[in-house]
Amino acid sequence: MSSIGTGYDLSVTTFSPDGRVFQIEYAAKAVDNSGTVIGIKCKDGIVLGVEKLIASKMMLPGSNRRIHSVHRHSGMAVAGLAADGRQIVARTKSEATNYDSVYGEPIPVKELAERVASYVHLCTLYWWLRFSETDSHYHFKLYFFVFFTSITYCWRFHRPFGCGVILGGYDRDGPQLYMVEPSGVSYRYFGAAIGKGRQAAKTEIEKLKLTDMTCRQGVIEVAKIIYGVHDEAKDKDFELEMSWVCDESNRQHQKVPDGLLEEAKAAAKAALEEMDAD
Amino acid sequence: MDQKMDFNAPHSMGTTIIGVTYNGGVVLGADSRTSTGVYVANRASDKITQLTDNVYVCRSGSAADSQVVSDYVRYFLHQHTIQLGQPATVKVAANLVRLLSYNNKNFLETGLIVGGWDKYEGGQIYGVPLGGTIVQQPFAIGEMEDEILKNHCSIEHCFPGSGSSYLYGFFDQAWKEGMTKDEAEDLVKKAVSLAIARDGASGGVVRTVIINSEGVTRNFYPGDQLPLWHEELEPQNSLLDILGAPEPMNI
């Protein structure tokens with residue numbers, strides 16, 4: 001499959017003759033080049049894990065966090081261009097707190113995922129869009145700007161976000177896991193993976209019996225998968241970053257406790273050695 | 001009569017409004033008198049307004065203010081329900097009411113009781129009195145802070161939720177946890193009727209709304225069917241009924 005657009009890929013507002021928007025597909029490639037990010041839904045919560053490729057030995061361990069809490073009950077792991085990811089996380093946090101202050105309850109994860117997807121999608125469109133902190137009805141605001149831009153000829157260039165996001169949260173309808181792609185598409189999953197090793201990771205996730213697994217066991221499994229898909233030849237070092245939101249964490253999104261994290265890393269390394277030994 | 005009757009004074013609902021939770025839902029009750037000064041503008045008004053299928057609100061204070069607040073909240077809740085894909089919770093409805101009441105407290109004069117049923121928390125009652133506080137209670141009767149009213153209300157106004165002050169003692173004695181639906185409705189009916197007997201700003205009929213998992217039931221109890229309390233007189237027939245209608249004059 002030729003991935004060269006040849007003239008139809010210069011702008012995100014151009015369709016190709018066979019109905020593709022190449023800029024969005026290229027944005028997805030930026031995500032594919034990033035370290036693997038995994039999310040799984042266990043029976044009592046969500047576990048997120050990131051293979052954080054270390055660019056230089058001078059970096060402090062624990063810096064450049066890839067997993068962020070967006071609200072008390074939910075967290076988001078980002079893959080792709082870090083700066084774009086920062087923007088999405090900031091917007092998501094803002095959406096979550098705004099919903100809470102208007103409606104008086106934590107934002108349902110489904111609603112949050114829809115808003116993230118809506119935001120990501122909007123930024124694949126051409127107009128210059130100004131977002132106010134209090135605005136949460138994008139579509140209404142967008143229609144305003146249609147009139148404005150046509151009258152004032154306010155053109156700005158725009159590219160899609162070069163990052164994909166896995167959003168996991170635990171609300172009163174139980175734990176839920178969503179993934180949002182750079183095109184703005186969002187689906188609910190019981191297991192999701194993006195980044196370099198996603199194919200291998202997905203295969204591994206499918207082998208797991210997630211409905212019987214607690215998050216404690218899930219953490220070990222995620223660590224094993226990430227260590228398993230890490231390519232020793234191409235990428236040197238990586239740091240494993242994990243978070244969870246489950247009954248054990250009191251339905252709050254938080255880093256996996258250090259003790260459990262060490263246990264998971266040890267188990268993952270042991271599993272790797274076992275594989276190598278075969 | 002010394003007092004001038006000002007028919008253009010703002011319509012106020014002196015009012016008795018009550019919200020009570022029971023085992024399985026809530027019962028909301030209200031009287032039906034809307035007054036302008038001492039004139040009863042509407043003796044059969046409906047003070048219990050629908051916000052969504054499962055959430056209703058009892059209105060008191062300025063009739064206009066409470067109607068406008070209910071209309072806005074109904075509109076927001078409608079949009080919210082569509083976005084959410086399922087019925088809104090009572091807490092969300094009450095919070096929207098509270099935000100409007102609080103953020104516009106300098107302009108509004110309305111006390112509201114939000115009550116309803118949702119699948120997560122069951123039956124709930126939230127009181128949203130004058131300043132825009134929100135308090136969840138097992139039962140709510142009109143205002144909590146009458147002191148504020150005394151300071152800023154002039155004589156022509158009626159205190160929002162005035163009738164309810166007469167009920168605190170009654171509820172202290174009669175309220176109990178975990179009532180059945182019929183017990184709760186009887187309690188509400190009795191309470192409103194007691195308040196009507198003593199409060200000049202409350203009167204007319206008693207309306208109740210019962211909300212539970214099965215849905216909503218509206219009931220109506222006309223004034224002449226309510227029990228008579230201490231020193232209340234039996235209704236008298238009007239002389240017009242006794243003597244018959246007079247013959248039209250021939251000129």
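In strand β4 of chain A, A:Gly75 is the bridge partner of A:Ser69. This is a predicted model, in which local features need pLDDT of at least 70 and side-chain atom pairs count only at pLDDT 80 or more, while totals for chains, interfaces and linings use all residues. Residues are numbered from 1 along each chain as its sequence is written, chains are lettered from A and ligands numbered from 1 in the order in which they are written, and side-chain values use heavy atoms, leaving out hydrogens and water.

Strands here are DSSP runs of E with at least two residues, and helices are runs of H or I with at least four, numbered from the N terminus. Two strands pair if DSSP finds at least two bridges between them. Here is how β4(A) pairs:

| Partner of β4(A) | Bridges | Direction |
|---|---|---|
| β3(A), residues 67-71 | four bridges | antiparallel |
| β5(A), residues 163-171 | seven bridges | antiparallel |

Two residues lie between β3(A) and β4(A), which form a hairpin. On the other pairing, A:Gly80 faces A:Cys163 of β5(A). How covered is β4(A)? Six of its seven residues are buried (under 20% relative accessible area, 1.4 Å probe, protein chains only).

Now to the meeting of the chains. Contact (heavy atoms within 4.5 Å) links 15 residues of chain A with twelve of chain B. The buried area (accessible area, 1.4 Å probe, lost when the two parts are put together, summed over both) is about 1200 Å², with 45% from carbon and sulfur atoms. Of the area that chain A buries there, A:Tyr103, A:Glu111 and A:Arg172 supply 42%, more than any other three residues.

Conventions:
Buried < 20%, exposed > 50% of the residue type's maximum accessible area, 1.4 Å probe, protein only.
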